[in-house]
Amino acid sequence: MNIISFLNAHLRCSPVIIAAASQIFFLTGCSRIDESDTHPNTFVFARGSDAQKLDPADIDDGESVNTLAQICEGLVRFKSGTLDIQPWLARSYTIAKDGLSYTFELREGVRFHDGTPLNAKTALFTFERQLDATHPAHFLKASFQYWKNLFQEIKTVRATGPMTIEFKLNEPNASILYSLATFPAWLISPLAFESHGEAIVRRPIGTGPYRFVDWKPNQAIILEKNQDYWGAQASFERLVLRTIPDNTVRLLELKAGKIHALDGLQPAELVELFNNNKYTIHSQPGMNVGYIAISNFAKRLRSPAIRRAIAMAIDRKAIVDLALDGFAIVAEYPIPPGFLGEPDNGPPPISHNPEAARIILNEYPDLLKRPIELHTFTAPRPYFPDPLKIASLIRNDLEKVNLKVEIITRDFKSHLVAARRGNFELALLGWSGDNGDPDNFLATFFASWAAVEDSATNISFYKNKAMDKLLITGRQQTDLKQRQKTYEQAMLIWARDLPLIPLIHTEQIVVTRSEVTGFQLQKTANLFFGPIGWQSL
Amino acid sequence: MIAAKQEHKLKAFLIELLHKVWLLLLVFFIASVVIFTAVNLVPGDPVSLRLKNPDPERVVAIRAELGLDEPLINQYLHYITSFVRGDWGDSLITGQTVREEISEYFPATLELAFAALFLGVFLGLGAAFSAQWFKSGLWHNTALGLGALGLTVPIFWLGFLFIVVGSLWLGWFPSGGRIDFTLPIPQGSGFLIFDSLAVGRLDMLGSTFQYLALPVCCLSLYPAALVCGVLQARFADPRLHTLVRALRAKGLNESRIWLIHVLRLLSAAIITVVGTNFGALLGGAVLTESVFSWPGMGRYLVEAVLNRDLFVIENGLLLIILLAYFIISTADLLAFLSNPTVRRYYDSTS
Amino acid sequence: MNRFSTIFEYATWSALGLSIVGLFYTPYNPMEQDFRNLAFSGASFSHWFGIDGLGRDFGSRLWRGAGNTVAMALIALTLNFIIALVLLSIEQSGSRLLRHVIPLGIGIWVAVPVILIGLVIMVFLKPSAGTLIIAVSLGNVPLAFRQLRILWIEQRYALYVLATEILGAGRCHLLAYTLWPNLRPDLLGLAKLILAICVLELSGLAFLGLIGDPDFPELGAILKQNQAYLFRNPMLVTWPGLILSTLLLLVHLSKSRSY
């Protein structure tokens, strides 16, 4: 056998070898992913959707807020892990006795990321642009919805000294101080607006421990350490906030060591992390409520007896167990437990009693003529991590009491559009609190001024004069005992009319590698990565 | 005489080219009309459907911009002129211009699709040749199995299997995404393979391949099956074997016969089958992108449809249909170049 | 392969038939969440495939899901053939213009991926099973049209047909007794090919979430519904995919001629 036939015999396999060799191209970069890092340079956090905009005054989604939470800061802030106010960019504050004037002394030596010093003039920019519709930075495309919700009472804001600013209010509002700790009041640099104009909604300049570097849409936002931060320096050189919409993939990335922390998992997926020492599951009751709204325009469901029957038919414990794997609690009231106004005696107003519900509903045979519409949406929200499963469970419960239900699924925006017009019979929705005040929940749900078509937060379109009066009173009272009584009365009216059936308060869950130190969940669900560090196990 | 033949070939090619351009224009027209109709049939006010926070001033501005009070034909003209101009509106969800977003996502999908095409053709060739040379036994059946696999296994399920095996059990590959964010990201064309080569960083290149690996392997099974099928059909043709015998008699050695002459003859068939089914490959890319969180046009469009992001739908869908058509035309022209007797794909019998 | 093709043929028909049975009978109600307290439990004597995450018997859901997938694909196939046949008859008996325009139109239509057609239709129609069927049947019309056209032209002008015509056979006789028996095997092969494609595309679109109802039992939709349980209970994700692959493989293997 000579060389030629030898080669011939072996070259037969050549295409196969070529095919196999081409596979190796794809393995060149492959290496066993290193799972034990000693203090990584970059901290990577992954969430399920990208931020939408980075203008603190014009956002309403958690991902945008949590991105800005690393970059911007406010005059005051909530003490970590609590709802108590502590001075922050303002080193002190005073409130006038009549509650109509708030004065803040700014901290010395703070600079924005672009070098602008923090003083009364630069601090005013953030507030003036929201207050004054003629301000050049009051963008046409923006809605500044939160200013309208939380800061309606502010009449003027001005500098009363080089490092002093003063807010004057139309009427007293006890929760303004708390609202000033929330994201619409986080300070941004006026110089950035002068240099970049409208582009500042995608390139925020704040005073926080991390500064903005780059935003790759739907992939990641990249931040780097602010070397000139006035407070304790961050531990990581870079912070990357990645977007991984698929829950399974996000979890796998955590296990592969490509990311160091994540949020937004469905509880079902967490079950297998429980006994794993490599990961720490941080969870706490969330300041939110997920509910079913019953539209006032749905004539069939007007009767309080029917509403009570529907409420009694739903097994909320099953929702907690099956759709949320225990990471939630049953909601007895439209406000989270522990809030001012929660009645502390007496049984909860709604109990799970399908037999009683069936008996009541037997007297309304008209309901069976057409299926009841239950509107839901697809995207996970902090109060409903899996809205489709919850809709499914509710439908089954209602069918057990002889009702027929049709589930109408839409994307979240279209769902909101329908909800904000009251175009539904039953709709799933929820609310995450911003400032720890009951008015932030109850006025949102039940005030008649919140029932404006197309922008309603009172999607049941519930209008009741007695309720309105109580809400206004509660907003203006400053004595805690009085407020408690006022809101307890509001709860009684709610329990009688049932425009809204609260379902669950979902726990806030963040999973981190166990090496991460100093991470604390906040009541407002904001995530702060400035204080975190890394300690090898 | 050869010069005359070349000139004749060139003339035929130019005619084909003109024909393709004409078809492309036709496709543009028909697709844009269909999409325009679909978008206008969406229930709801067209303005508030395109705005995140529809407050009255903005509504008026957008109405004027879209020319919603004008007759439909004007709106349609406005749509296609702004498409051609590159003015594609803003995304409802992110607020960014659609143009910026597409310029990020488009190269990602193209990179995925072409890498899968490349690998798929290789695999298909390998499989068909193996089945041919090993007339029976393990190789033969494996090759035929590949053909069946590529056409029958659902991509989205296969993707999960790949993730579980490649990422979870073996830990060799990441389970989603496109870029390792702990490394600096190469800028430039958007095609990471070329960008990282241009910068000269092998670690970036390696990382690119690592992220490409699973999605590409998943997606490449479909073109591999197509190529394998076509080649099997061609290998069954006795005329091919007559040619091989003739070349063997002429004294050429085996590999030269198969790899050069036979492959050149079959290249037209391969290009045609792969080009004609590029549309299906794009469909597979949409599913693959969903499973692997690959930031490409497929996932972008699906989310736009689910979220009723009308500007994105209008412009993104039109763009991707034009792309599909462009690729098919190019494949047709290439096939024509290598074998002018290949008829136009819409007349062809296979 | 020929030896086995009859076996595969029988296997395919049985598999399809068995799936359809799932539309009318399943051991338990696939929609009722009767076993919430047993959620996630594995295979047992009374529940062969265990219970899924919301307390429904998983075996029943899989069976009904297979039935829905196959039924939807069959309806899509029928619609597809009807549209393609209509177009073909127009083209064959129509004017010269139509004979030019229709293949051109088909040529353009074939370039568009079915998933994109599905997406376009989904833009203005409510996501539902019906919408998916329409999308999938429309998307595959070019393929059916072209193959039917080839078959028709090959057979219509074949010598034996011409001979029968000369012998005086009328149109109906020609169609029913001469052409149909010869077309039948190829038509069946084409139908199987398109059925397989429809099943894949339907479950793909359902997987993307375009089916609307979150509880709809369809194999691709079930896979999406159980995606969250990939690690906790991987069988909930494995079984739908396995059944889908098996159905498709059987259909593919029973084809007598490859296209």
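## Salt bridges between chains A and C

Three salt bridges are counted between chain A and chain C, each being a side-chain nitrogen of Lys or Arg within 4 Å of a carboxyl oxygen of Asp or Glu. C:Asp213 forms a salt bridge with A:Arg395, with the closest N and O atoms 3.0 Å apart.

This is a predicted model, in which local features need pLDDT of at least 70 and side-chain atom pairs count only at pLDDT 80 or more, whereas totals for chains, interfaces and linings use all residues. Residues are numbered from 1 along each chain as its sequence is written, chains are lettered from A and ligands numbered from 1 in the order in which they are written, and side-chain values use heavy atoms, with hydrogens and water left out.

## The wider interface

In chain A, 25 residues are in contact with 21 residues of chain C, contact meaning heavy atoms within 4.5 Å. The two chains bury about 1900 Å² between them, 51% of it on carbon and sulfur atoms; this is the accessible area (1.4 Å probe) lost on being put together, summed over both.

## A four-stranded sheet

An open sheet of chain A has four strands in the order β4-β5-β7-β6, paired antiparallel; strands are DSSP runs (E, at least two residues), numbered from the N terminus, and two of them pair if DSSP finds at least two bridges between them. Because β4 (90–95) and β6 (154–161) of chain A each have a single partner strand at the edges, one side of each is left without a neighbour in the sheet.

Five bridges join β4(A) to β5 (residues 101–106) of chain A, and A:Tyr93 has A:Phe104 in β5(A) as its bridge partner.
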